[in-house]
Amino acid sequence: MEDRQFRAAQQLIRDVLAGRLTRREVIRRGAAIGLSWTIVSTLLAACGGGEGGETPQPTAAGARSTPTGGGVDTPVAASTATPGAAGTPKRGGRAVIALIQEPGQMNDFFNGQSGSFLSVLAVEPLFVPDRNGEYQPVLAAEIPTLENGGISEDFLTITYKLRDGITWSDGQPFTAEDIVFTVEVYQNPESTPQVGAAWEKIESARAIDPLTVEVKMSEINPGYLDLFQQVLPKHKFESTAITQEHPLARLPLGTGPFVFVDWKTGDQITLERNPNYRDPEKPYLDGITIKVTPEKEAAIASFVNGEFDYVYFIVTGDLPTLVTAEQEGKPVHVELLEGGASVEWLWFNLSDNGDPTKPHPVLGDPAIREAIDYAIDRQAIIDQVLGGFGSLTGAFIYAGWAAVDRPPTPYDPEKAKQILDAAGWVPGGDGIRVKNGVRASLRYQTIAGDQTRELYQQLVQQNCKDVGIELRIENVPSNTIFGSWQEGGLLARGNYDIVMSRDGYEVDPADWAAIFTSASIPSEQNPGGFTYCHWRNAEFDAAVEEANSTLDPEVRRQAYQRAVEIFARERPALPLYRSASADAWSTRLKGIKSIWFNPRGTLYSAADWYLEE
Amino acid sequence: MTSYVVRRVLQAVPLLAGISVLIYVLLQMTPGGPLAIAENPGSAGRVTAEQLERLRNRYGLDDPLYVRYLRWAADLLRGDFGTSFNTGRPVLEMIGERIPVTFLVTGLSFLVTLLLAFPIGIVSAVRQYSVFDYLSTSVAFLGVSIPSFWLALMLLYVFTFTLGWLPSFGLEDPRQDYEGLVALWDRARHLVMPVTVLALVSTASLTRYIRAAMLDAIGQDYTRTARAKGLSERVVILRHALKNGAIPIVTILALEIPDLFIGSVIVESIFAIPGMGRLFVESAHLRDYPVLMGILMIASLLVILFNLLADVLYAVLDPRIRYR
């Protein structure tokens, strides 16, 4: 960080802490002095007052934050004075959460629906990523690293150390045997878990002592900290064959602040305070009721009316309503987190109709891709269509610990025209450029029926027309675009020019980077491939391979940095904008912390929640 | 008569079998499947191919269609409706817990409908072209044409968000543990809006039926005869005209009873009531075939039964009709 920039940043931080700035101003000024979104979002968390704004740690913003203590309840507690908590937390009462989409199981291990994340009220993970995408230990005592011997020299053996003194909510001790059991459940072919691909790379697990477990991987597993988001209590099961029918697969038993007691399907789920929780003072609430309210409009209206304390979950589209309600003095607090997990992309087809040996007649020319990049007015999409909610990124690795801070391509139609002129694309009679008899005319497809999207799709179309590139909008149903190779999906078969869709990753970019490598281009021989840009770049492949060959974060970081530069130069896909994410809760619910990577991570702080009235 | 009923019941068996084949095949033909959510690349693609394969095996999705159907039908004949793909719970249990809630809401609104529609319909017919008749006609047309989701949202807007009189969701206050009369009062407050929405729509149409039937009956010779005998107007209308006019109405009402079981997805969704309508639609979204088949089979059975009941009632009410 340059000195001038550093001083500007310091001033910005002082202004934020003094409460002199609105969120919007922070974003603008932060962007003006070139702060990364990671930093700006940390600042945002601090402004606008409210109980969510824990004091930011300016030093931690750029540097890697250091784990303090541990436990979901206290990752930064040492340095955190919760503002707004002038008094002491009040005991008792029941918070009510509105749940829009009820999952089949309240269990992340057996259920892939979004609602099952609410299980974190009762079930704790080994590690959880903080706002910067750095994992912090919860049920683990420390992060396994090369330095502390947690990661073996060949990166294939991970030794997890568990926190001492943790008990399940029924009073039984939480031990390494539970971790081993969970792995055995996963590996039993009769079981039906629905967890991430990182689990497939586990070869075996062995308890060394009650608080140490050694897990051997069959290949280098970058998701090793994402494993064990849920551990199953061995003493409650008779067999390792567990399916969705098991009562504890539906309502799990955990170590967290609350205990699931009852689920009236379609109606409500009741949680009571865990009497065996490790902190005898907590949780403050007597219990939490999750009320199933399938109609989102109605649920949000009831929330704004003060009938709910929290809505699971808020998406970008709900923000205008909620922000307005907050401004009107309704009893809701909106926590805006710029930089959500997903990005809207323009995917370019670099093959000639899926034939990998021939480049695309138009998009095969890098000048066309570069010109489109400069031609698009991305800020206009955010300001004119998205109501100001969203942010820009110039790096395809934009989130998590490996995020690369790269400025977005500026809107510069003149430059786009120069690039096209220089490359020999000459405007024809209708203003559309032509080179060697090929018109710069491309199909531009996205999922039909999304009105917001269709609005900025037209904006992009106009932007490109202004520089002499014709985009023909032909929107189709999602199956047509995303269908498998066998189903003749447009992306898989390379039967498209430009497709617009949202995609992204969360903390670790390994799986995400793989979707641009040439090894996974879909083909007759490789129908399961997912490199839909049909892009071949040996340099990029090598960078990704290097990142995958180690668990040393520094080596990986540098490899990804290289990959980002190659990607930005070659442009197999263009980022349009990064969706905003947000969370919201009622003003009477206090003690909420919003310091985790996942915007819904606020739920991890349930032990600290209390009701003020 | 008895042989007629027995014959009809026996006919229902192949009919139900045919229905089951038809809906089973139709359900499987709809695009997507129970694992579509897990397969969807939008859900971070976190479920791996191997995990999907295990789920497919478990649900038997890889077997040929006829094998799956026969397995399902064999289970059904033993009284086993199967297990939900989504929740892993027995289908019959899931349906069973929705029935009381559904009947509470639909039954109450059915009752309200009867209590309102009969007097309004009769008075409208007796005083045809009166101010009351015009008024009830207008209200009825309004009631039939207002979409119930709009009405529900308007009621919410007025009575919850503006006046703050009524709770907006559920059947009880999630923050309180009421008992006795207070619980009853709490329940009543929660029921007012959903029941009103359902009752208004059905009252509107039923009023029109009753009015038409009564007008028809009042114009008949037997009504004139009754009047000519010097009977009081009250007896003429209620004993002679109504009894005859009510015959087609009874059929209509009997056929509406299976609907009480099916519930109303719109009202249940907006007011967050865990009824059958929502179970059905949510299961349809998830392609939860066992639950869908369970609901559809029970609903088909009810429709067949109440059709038979309507026919039998017809004969009971109208001595001119004889079944052989």
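**Chains A and B of a predicted model**

In this predicted model, 37 residues of chain A are in contact with 34 residues of chain B, contact meaning that the C-beta atoms of two residues, placed from the backbone, lie within 7 Å. On the side of chain A that touches chain B, at least two residues each come from β1 (94-99), α6 (247-250), β9 (287-292), α7 (296-304) and α13 (478-482). Helices (H or I, at least four residues) and strands (E, at least two) are DSSP runs numbered from the N terminus. This side of chain A comprises eleven nonpolar, 17 polar and nine charged residues; Ala, Val, Leu, Ile, Met, Phe, Trp, Tyr, Cys and Pro count as nonpolar, Asp, Glu, Lys and Arg as charged, and the others, Gly among them, as polar.

Residues are numbered from 1 along each chain as its sequence is written, while chains are lettered from A and ligands numbered from 1 in the order in which they are written. As the model is predicted, local features need pLDDT of at least 70 and side-chain atom pairs count only at pLDDT 80 or more, whereas totals for chains, interfaces and linings use all residues.

One residue of chain B that touches chain A is B:T87, whose contacts are A:G104, A:R250, A:T265 and B:M94, leaving aside residues up to four places away in sequence. B:T87 lies in the loop between α4 (65-77) and α5 (91-126) of chain B. It counts as buried because 25 C-beta neighbours lie inside 10 Å; the cut-off for buried is 20 or more other C-beta atoms within 10 Å, for exposed 12 or fewer, and partly exposed falls in between, with C-beta atoms placed from the backbone. The C-alpha atom of B:T87 is 34 Å from that of B:M154, 67 residues apart along the chain. Helix α4(B) has 13 residues and spans 18 Å from its first C-alpha to its last, close to the 18 Å expected at 1.5 Å a residue, the expected span being 1.5 Å times one less than the number of residues. Just after α4(B), B:G79 has a positive phi of about 85°.

For chain B, an unreviewed UniProt entry lists "domain: ABC transmembrane type-1" at residues 99-314; such annotations may be inferred rather than shown by experiment, feature names are shortened, and positions follow the numbering used here. Residues 99-314 of chain B are 82% helix and 0% strand, with end C-alpha atoms 28 Å apart. The unreviewed entry also lists "transmembrane region" spans in chain B, among them 9-27 and 138-159. Residues 9-27 of chain B are 100% helix, with 26 Å between the end C-alpha atoms. For residues 138-159 of chain B, the helix content is 91% and the end C-alpha atoms lie 24 Å apart.

Chain A is assigned domains that include domain 3 (114-250) and domain 4 (340-579), with bounds from an automatic or database domain assignment. The C-alpha centres of domains 3 and 4 of chain A are 36 Å apart, and twelve residues of domain 3 are in contact with 13 residues of domain 4. The side of domain 3 that touches domain 4 has seven nonpolar, three polar and two charged residues.

Chain A also contains a hairpin of β13(A) and β14(A), with two residues between the strands and a positive phi of about 55° at A:N353 in the turn. Strand β13 (residues 351-352) pairs with β14(A) in the antiparallel sense over two bridges, pairing requiring at least two DSSP bridges. A:S351 has A:P359 as its bridge partner. Strand β14 (residues 355-359) of chain A lies largely in the open, because zero of its five residues are buried.
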